[in-house]
Structure formats: C-alpha cells, structure tokens
Amino acid sequence: MEGKDEDVRLGANRYSERQPIGTAAQGGGEDKDYKEPPPAPLFEAEELTSWSFYRAGIAEFVATFLFLYISILTVMGVSKSSSKCGTVGIQGIAWAFGGMIFALVYCTAGISGGHINPAVTFGLFLARKLSFTRALFYMVMQCLGAICGAGVVKGFQQGLYMSAGGGANAVNPGYTKGDGLGAEIVGTFVLVYTVFSATDAKRSARDSHVPILAPLPIGFAVFLVHLATIPITGTGINPARSLGAAIVYNRSHAWNDHWIFWVGPFIGAALAAMYHVVIIRAIPFKSRD
C-alpha cells in the first residue's frame, strides 16, 4: 500500500514547477525558502498503478461536470427571460463561470491540481509540469464531465435548452471567424498566464499564509475574460466546456465554428506557457567582469 505522503504527492500535480530557472537558478539554492521539483517525464508508467492518479482524474471529471451544470443553467436562466433587467445578465453569467472556477479550483487543487480545462492542462504540459499520460487522462475526463454536465441541464429543461442554443459557443453575428479566433487566443492567454503566475513556486512560498490566494485570481481572470468576450463568441477559453455544450445541443450552429474553440485556446495556452518559461522565468545574462 502506498504511503500517505506519496499518495498526497501523486494526487495533486506531482510536477508543479520546473527545475530552477530564471533568477532563482542563480542563488545556488542555499537561501531559497521554496522547492522547485524537476520537470515531469513525458511518460511515467508508475502513475498508471497509483490510485491517486485515477482519483485525480475523477476529481477533474466531477469538477468539470459541476462547472458545466452551474454555468449552463445560468445561461439558460438569462435566455428564458423576456427582459434582461429581470435576470443576472451578462455580468451574472460571467460571475457564474468565474465563481465556479474559483470554488472548484480551491476544492480540487490538492487532488488534481484543479485544471478543469484542457487548455490549462495543455499549457502546464508544455511547461513540463505534468506528464503526457496525466495530461491526456485529464483532458479525457474533463471532456466527459462537460458532456455529462450539459446533459443534465438538457434533461431538466429540454425545450428551453434547445430553443436557447444550449449554451453552445459560436461566433456571434457582426464578427468574423478571425475575430472569434483572436478573442479565444487572447482570452485563454490571460487565463493560463494567470494560472502560471498564481501557482508559481516562489509566489506560493512567499504567500503561504494566504492559502486561498491562487484560486482567487484564476476565477477572477475567467470572470473578466467572459465580460470581454461573451459578445464575440459566448466565451469558450475551455475546449471541454465548448465540446460538452456542442455535443448535447448537437445542431449545425454549434459545430460550424467549433474548431475555433479548440485551436484558439490551445494556441493561447501555448503562448502563455512560452511566455512564462522563456521570458518570465528565463535565466538573465550575467555581465563579465
């Protein structure tokens, strides 16, 4: 049986930060009050035999299920009202998405890392913070959770769900596909960049007295991005969220622009990972005496 310490270590993001790079790499490590684990291997067979690996996947499934359930229900509540003044409106929808991410990241961070988004998982994988095995497993579980979450909403109110578009993402009239793609790239960059910054090893050590700090800016970033891009694409920035709604709604309207909600978030996540690793955590050149 696995030891308790090992179980906890594997249950969360096992490789939460890269090897010392940036200015941290120049201090020699003696005076650092934080530890930066080595980069994750591309494949690790040991994970497949660990219960904590599957527990983390289940946590991602449940979190994404709850995320879609609450957020899509909120969208449906706004859609069914004849007067937007009588509903929470766009601001309320944005708060539903951002607030759920805040709550779910807080609940699952110690189990799976609290990704709840294939784009976040992809960005962390590119930064070598988790293995390809774990990244792929997370993405599959996130997509399954999103499909189930949207499915439950449709089961509650099928007529409204189908008539109101099912919360599916699409480029809205007045905008081009290029506009939609750009909005998804920039929006996901904001989110994934916030994830990297909020979970940085040095920041975590410095702000260890505020354990709730990391989920707060991540949820707030989701809220702000939704405020900005709901009028353009309905805001994807999460391929699992877009896929779940599209599959359950299953109309041509949901599939015409669906590629944007995979390509855009993955490009945005890759750019955020590159910016964090290459620029923010880059080793500065030393001048020669």
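**Core packing, aromatic pairs and a pocket**

F97 counts as buried because its relative accessibility is 1%. The model is a predicted one. F67 also counts as buried, at 3% relative accessibility. The ring centres of F67 and F97 lie 5.5 Å apart with the planes at 80°, so this pair is edge-to-face. The pair joins distant parts of the chain, with F67 in helix α2 and F97 in helix α3, 30 residues apart.

Beyond its neighbours within four places in sequence, F67 is in contact with F97, M100, I101, L104, I116, N238 and R241. F67 is among the residues with the most contacts inside the largest nonpolar core, together with M76, I101, I116, Y161, L191 and I218. That core has 55 residues. Helix α2 contributes its largest share, eight residues. Another core lies apart from it and has five residues, including V171, L181, I260 and F261.

The structure holds 14 aromatic pairs. In one of them, F53 and F137 are stacked, at 4.8 Å centre to centre and 20° between the planes. F53 belongs to helix α2 and F137 to helix α5 (residues 132–156), 84 residues apart. Both residues of this pair, F53 and F137, are buried. Ring pairs link F53, Y54 and F137 into a cluster.

The second largest pocket holds about 470 Å³ of space. Its lining comprises 23 residues, and V75, S79, A168, I230 and G234 lie nearest its centre. Helices α2 (51–79), α3 (89–108) and α9 (215–233) each supply at least two lining residues. By type, the lining of this pocket divides into twelve nonpolar, nine polar and two charged residues.

Technical notes. Residues are numbered from 1 along each chain as its sequence is written. This is a predicted model: local features need pLDDT of at least 70, side-chain atom pairs count only at pLDDT 80 or more; totals for chains, interfaces and linings use all residues. Side-chain values use heavy atoms; hydrogens and water are left out. On a 1 Å grid over the protein atoms alone, a cavity is a set of points where a 1.4 Å probe fits but cannot get out, and a pocket is an open set with protein on both sides within 12 Å along at least five of seven lines; lining residues have an atom within 4 Å of a point. Grid points are joined across faces, edges and corners, and a volume is the space filled by probe spheres set on the points. Helices (H or I, at least four residues) and strands (E, at least two) are DSSP runs, numbered from the N terminus. Ala, Val, Leu, Ile, Met, Phe, Trp, Tyr, Cys and Pro count as nonpolar, Asp, Glu, Lys and Arg as charged, and the others, Gly among them, as polar. A nonpolar core is a set of buried Ala, Val, Leu, Ile, Met, Phe, Trp, Tyr and Cys residues joined through side-chain atoms within 4.5 Å. Buried means under 20% relative accessible area, exposed over 50%, partly exposed in between (1.4 Å probe, protein chains only). Contact means heavy atoms within 4.5 Å. Rings of Phe, Tyr and Trp (its six-membered ring) pair if their centres lie within 6.5 Å; planes under 30 degrees apart count as stacked, over 60 as edge-to-face and the rest as tilted.
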